[in-house]
Amino acid sequence: MQSKHIHSNIVIMIEGALCIALAFVLSKLNLFRMPQGGSVNFELVPLMIFAYRRGLRKGFLAGFLNGILKMIVGGYILNPAQAALDYPVAFMCVGLAALSPKILGFFLAACSQILCSVLSGVIFFAEYAPEGQNPWIYSFLYNAPVLGAKYLISFIAALFLWKALEKNLPSK
């Protein structure tokens, strides 16, 4: 019985590593890129699917590790708090997709990551706000459309893939 449990954990680790690697590759194929950071791409799709399949804890861990990888390989870092908020904490939010492969998990994941980005924008990048504009409004208007679009296209792609995977892969 012990060997079956170890085998199962190894399979989950390999699946997680492959999803993180695929997310990293997809993050380089941008549909749109913002001038001061942020882009629309399909990087969230494999992370969402992993979270759907393996649950909240494992989804958080995959998002966290993806954020660390993005931070190490080309992240924009001002200080440790900003780095944590923009990378591992923000990408952990993708794990919330595990709550439901439908709208609720997607919505919570998107809102949580947008909140991380808006907070980072207000705390660390307020100087980019135009003269006289509230940094909260500027950060929200900068981050929400980009992340909203990214989550929307990722959610649609993940749903299509999820339906196909449900038929062909063993469940949790």
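Which residues does Phe106 touch, not counting residues up to four places away in sequence? Phe106 touches Met48, Ala97, Ser100, Tyr151, Leu152 and Phe155, where contact means heavy atoms within 4.5 Å. The views below show a predicted model, in which local features need pLDDT of at least 70, side-chain atom pairs count only at pLDDT 80 or more, and totals for chains, interfaces and linings use all residues. Residues are numbered from 1 along each chain as its sequence is written, and side-chain values use heavy atoms, with hydrogens and water left out.

**Figure 1. Overall arrangement of the protein.** The protein has seven helices and two strands, which follow the order α-β-β-α-α-α-α-α-α from the N terminus on. Helices (H or I, at least four residues) and strands (E, at least two) are DSSP runs, numbered from the N terminus. The C-alpha atoms fill a box of roughly 65 × 30 × 25 Å, taken along the principal axes. Of the 172 residues, 45% are buried; buried means under 20% relative accessible area, exposed over 50%, and partly exposed in between (1.4 Å probe, protein chains only). Among contacts with a separation of 6 or more, 67% are between residues 24 or more positions apart.

**Figure 2. Helix α2 and its cover.** Helix α2 is mostly covered, as 11 of its 11 residues are buried. The buried residues include Leu44, Leu47, Met48 and Phe50, and also Arg53 and Arg54. Their cover includes α1, α3, α5, α6 and α7. Gly55 follows α2 and has a positive phi, near 100 degrees.

**Figure 3. The largest nonpolar core.** A nonpolar core is a set of buried Ala, Val, Leu, Ile, Met, Phe, Trp, Tyr and Cys residues joined through side-chain atoms within 4.5 Å. The largest one has 24 residues, and those with the most contacts inside it are Leu44, Leu47, Met48, Tyr52, Val94, Tyr151 and Ala158. At least two residues of this core come from each of α1, α2, α6 and α7, and α2 gives the most, with seven residues. Leaving aside neighbours within four places in sequence, Val94 is in contact with Leu44, Leu47, Met48, Ala51, Ala109, Gln113 and Tyr151. In soluble globular proteins, nonpolar side chains tend to be buried together.

Figure 4. Phe106 is found in α6 and is buried, with a relative accessible area of 11%. Phe106 and Gly121 are 15 residues apart in sequence and 22 Å apart in space, C-alpha to C-alpha. Leu108 is also found in α6, but is partly exposed, with a relative accessible area of 31%. Apart from its neighbours within four places in sequence, Leu108 is in contact with Leu96 and Leu99. Leu108 and Leu147 are 39 residues apart in sequence and 13 Å apart in space, C-alpha to C-alpha.

**Figure 5. Ser139 in helix α7.** Ser139 has its place in α7 and is buried, with a relative accessible area of 2%. Not counting residues up to four places away in sequence, Ser139 touches Ser117, Val118, Gly121 and Val122.

**Figure 6. The largest pocket.** On a 1 Å grid over the protein atoms alone, a pocket is an open set of points where a 1.4 Å probe fits, with protein on both sides within 12 Å along at least five of seven lines; lining residues have an atom within 4 Å of a point. The largest pocket holds about 900 Å³ of space. It is lined by 37 residues, and the closest to its centre are Gln36, Gly37, Gly38, Asp86 and Tyr87. Helix α7 gives the most to this lining, with eight residues.

**Figure 7. The second largest pocket.** The second largest pocket has a volume of about 220 Å³, a volume being the space filled by probe spheres set on the grid points, which are joined across faces, edges and corners. Its lining includes Asn9, Ile12, Met13, Phe50, Arg57 and Lys58. Two or more lining residues come from each of α1 and α3, and α1 gives the most, with six residues.
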